[in-house]
Amino acid sequence: MIKNIVLAVVAVASVSAVALPAYAGTGITPVFGTGDNDDQDWVASTIVDRLNEQGVNATSVENWGGLIRAYVTLEDGSEVMQFYTPGSLNQVSL
């Protein structure tokens, strides 16, 4: 019984250790929108800055079902929502 529990704990720890490096250096935390408000503001600001560097005129972002929802101002002044993958910030069409 104890042997099975130890194996299960080791398996969970191994999977977690493999998944975390995928977020390393991306500027995005694996769980966007958790923690205190200062952390959330910093993460959102970083994502907005990265989108702006890519030529996207994003004004704000938020977590939306595992994606990043960005509010983007178009050249004509209208505002639209666009969706991006966390980490790579590749645009996703829904």
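These legends walk through several views of one predicted model, starting with the whole chain and then moving to single residues.

**View 1. The whole chain, from end to end.** This is a predicted model, where local features need pLDDT of at least 70, side-chain atom pairs count only at pLDDT 80 or more, and totals for chains, interfaces and linings use all residues. Residues are numbered from 1 along each chain as its sequence is written, and side-chain values use heavy atoms, with hydrogens and water left out. You'll find 2 helices and 4 strands here, and from the N terminus on they run α-α-β-β-β-β. Helices (H or I, at least four residues) and strands (E, at least two) are DSSP runs, numbered from the N terminus. Of the 94 residues, 23% count as buried; buried means under 20% relative accessible area, exposed over 50%, and partly exposed in between (1.4 Å probe, protein chains only). The chain exposes about 6400 Å², with carbon and sulfur atoms supplying 59% of that. Those areas come from the Shrake-Rupley method with a 1.4 Å probe, and for residues only the protein chains shown count as cover. As for contacts (heavy atoms within 4.5 Å), take those between residues at least 6 apart in sequence: 22% of them join residues at least 24 apart.

**View 2. How confident is the predictor?** The score to look at is pLDDT, the predictor's confidence in each residue, from 0 to 100. Its mean over the chain is 74, and 57% of the residues reach 70 or more. Over residues 6–31 the pLDDT is below 50, and beyond near neighbours in sequence this stretch has 14 contacts in the model.

View 3. R69 sits in strand β2 (residues 67–73). The structure holds 1 salt bridge, meaning a side-chain nitrogen of Lys or Arg within 4 Å of a carboxyl oxygen of Asp or Glu. In this one, the side chains of R69 and E62 meet at 2.3 Å, N to O. Side chains of opposite charge can pair when their charged atoms come close. R69 counts as buried at 17% relative accessibility, while E62, at 28%, counts as partly exposed. Leaving aside neighbours within four places in sequence, R69 is in contact with S60, V61, E62, W64, M81, Q82 and F83. One of these, M81, is 12 residues away along the chain, and its C-alpha atom is separated from that of R69 by 6.5 Å.

**View 4. An aromatic pair, W64 with F83.** A search of the whole structure finds 1 aromatic pair. The ring centres of W64 and F83 lie 4.6 Å apart and their planes are at 45°, so the pair is tilted. For the rule behind that word: rings of Phe, Tyr and Trp (its six-membered ring) pair if their centres lie within 6.5 Å, and planes under 30 degrees apart count as stacked, over 60 as edge-to-face and the rest as tilted. The pair links distant parts of the chain, with W64 in strand β1 (residues 58–64) and F83 in strand β3, 19 residues apart. W64 counts as partly exposed at 35% relative accessibility, whereas F83 is buried, at 11%.

View 5. Q82 is found in strand β3 (residues 79–84), and it counts as buried at 16% relative accessibility. Its side chain joins that of Y84 in a polar contact of 2.5 Å. A polar contact is a pair of N or O atoms within 3.5 Å; within protein, one must be able to donate a hydrogen and the other to accept it, and residues adjacent in sequence count only if both atoms are side-chain atoms. Beyond its neighbours within four places in sequence, Q82 is in contact with V56, I68, R69, A70, V72, L74 and Q91.

**View 6. G87, in a loop.** Look for G87 in the loop between β3 and β4 (91–92). G87 is buried, with a relative accessible area of 14%. G87 and L67 are 20 residues apart in sequence, and 9.9 Å apart in space, C-alpha to C-alpha.
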